[in-house]
Amino acid sequence: MTMRPGTERKLLDAAEELFFTRGIAATPIDAVLDRAGVSAATLYRGYASKEALVAAALQRRHDEWIRVWDDAVARADDDRGRLFAVFDALDVFRSTPSGSRWCAFLGTASEYADAPAEIAAVLHGETTTLRDRLRDRAVPFVGDRADVLADQLLLVVSGSLAMRLRGGGGDTTTARAVAAALLRDG
């Protein structure tokens, strides 16, 4: 038997809110169940483990992030705007109810020295998607060096997200300036 969509949404909302603000290890599954208002039997009908629930919450968040980024790309007028749309998307995503004080993917990766397979797969997929999308948008600027620029921009994006923990980096102004310097030095 599968879970009803409304029940699954409540469960994923609770998981996302608690895991990605309090921490995965610090959040017992009972707290998620209480917040969602569902039973353990309901949870395990849809997810085999806490880790499977974490992976599902991450995947949903990733899908939402991609929608926000796609919208930012669609609003861009030129190649530079499409490349820098990642920063527009970061600013927009941070202002949404599901935007957290930093990156759920970086936070999750930091909690696991050796992530369970289902979590590792989502983390790898998110990183690969980010790198590939940056590479594709970098081609007009650096051609066959797009992989290098994509890795540099991935570092800038990750650093911008991490700076949110230090009380700075509330927006992407500095990250944009670094990215612009990378393009100039390209």
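Among contacts between residues at least 6 apart in sequence, 68% join residues at least 24 apart. The model is predicted. Its chain holds nine helices and zero strands. From the N terminus on, the elements run α-α-α-α-α-α-α-α-α. The radius of gyration is 18 Å, close to the 16 Å that the globule rule gives for 186 residues, so the chain is as compact as a globular protein of that length. Along the principal axes, the C-alpha trace spans about 55 × 35 × 30 Å.

Burial and surface were computed for the chain. Of the 186 residues, 45% count as buried. The chain exposes about 9,500 Å². Carbon and sulfur atoms supply 52% of that area.

The largest nonpolar core has 60 residues. Leu 11, Leu 53 and Trp 69 have the most contacts inside this core. Eight helices are listed as each supplying at least two of the core residues: helix 1 (5-22), helix 2 (29-36), helix 4, helix 5, helix 6 (104-111), helix 7 (117-142), helix 8 (146-163) and helix 9 (173-185). Helix 4 gives the most, with 13 residues.

A pair of aromatic rings is described by the distance of the centres and the angle of the planes. The count comes to three aromatic pairs. In one of them, Trp 65 and Trp 69 are tilted, at 5.5 Å centre to centre and 35° between the planes. Trp 65 is buried, and so is Trp 69.

Phe 84 and Phe 87 form an edge-to-face pair. Their centres are 5.7 Å apart, with 70° between the planes. Because the two are three residues apart in helix 5 (residues 79-94), about one helical turn separates them. Phe 84 has a relative accessible area of 8% and is therefore buried. Phe 87 is buried as well, with a relative accessible area of 1%.

Trp 65, Trp 69 and Phe 93 form one aromatic cluster. Leaving aside neighbours within four places in sequence, Trp 69 is in contact with Ala 85, Val 86, Ala 89, Leu 130, Arg 133 and Leu 134. Arg 133 lies over the face of Trp 69, at 4.3 Å from the ring centre. An arginine is also placed over a phenylalanine ring: Arg 80 lies over the face of Phe 84, at 4.5 Å from the ring centre.

Thr 7 was considered separately. This residue lies in helix 1. Its relative accessibility is 17%, so Thr 7 counts as buried. The threshold for that class is under 20%. Leaving aside neighbours within four places in sequence, Thr 7 is in contact with Val 38 and Thr 42. Thr 7 and Thr 108 are 101 residues apart along the chain. Their C-alpha atoms are separated by 24 Å.

Key: Residues numbered from 1 in each chain as written. Predicted model: local features only at pLDDT ≥ 70, side-chain atom pairs only at ≥ 80, totals over all residues. Heavy atoms only, no water. Phe/Tyr/Trp six-rings, centres within 6.5 Å; stacked < 30°, edge-to-face > 60°. Buried < 20%, exposed > 50% of the residue type's maximum accessible area, 1.4 Å probe, protein only. Helix = DSSP H or I, 4+ residues; strand = E, 2+ residues; numbered from the N terminus. Lys NZ or Arg CZ within 6 Å of the ring centre and 35° of its normal. Core = buried A, V, L, I, M, F, W, Y, C linked by side-chain atoms within 4.5 Å. Contact = heavy atoms within 4.5 Å. Rg over C-alpha atoms; globule rule 2.2 N^0.38 Å. Areas by Shrake-Rupley, 256 points an atom, 1.4 Å probe, with all protein chains shown as cover.
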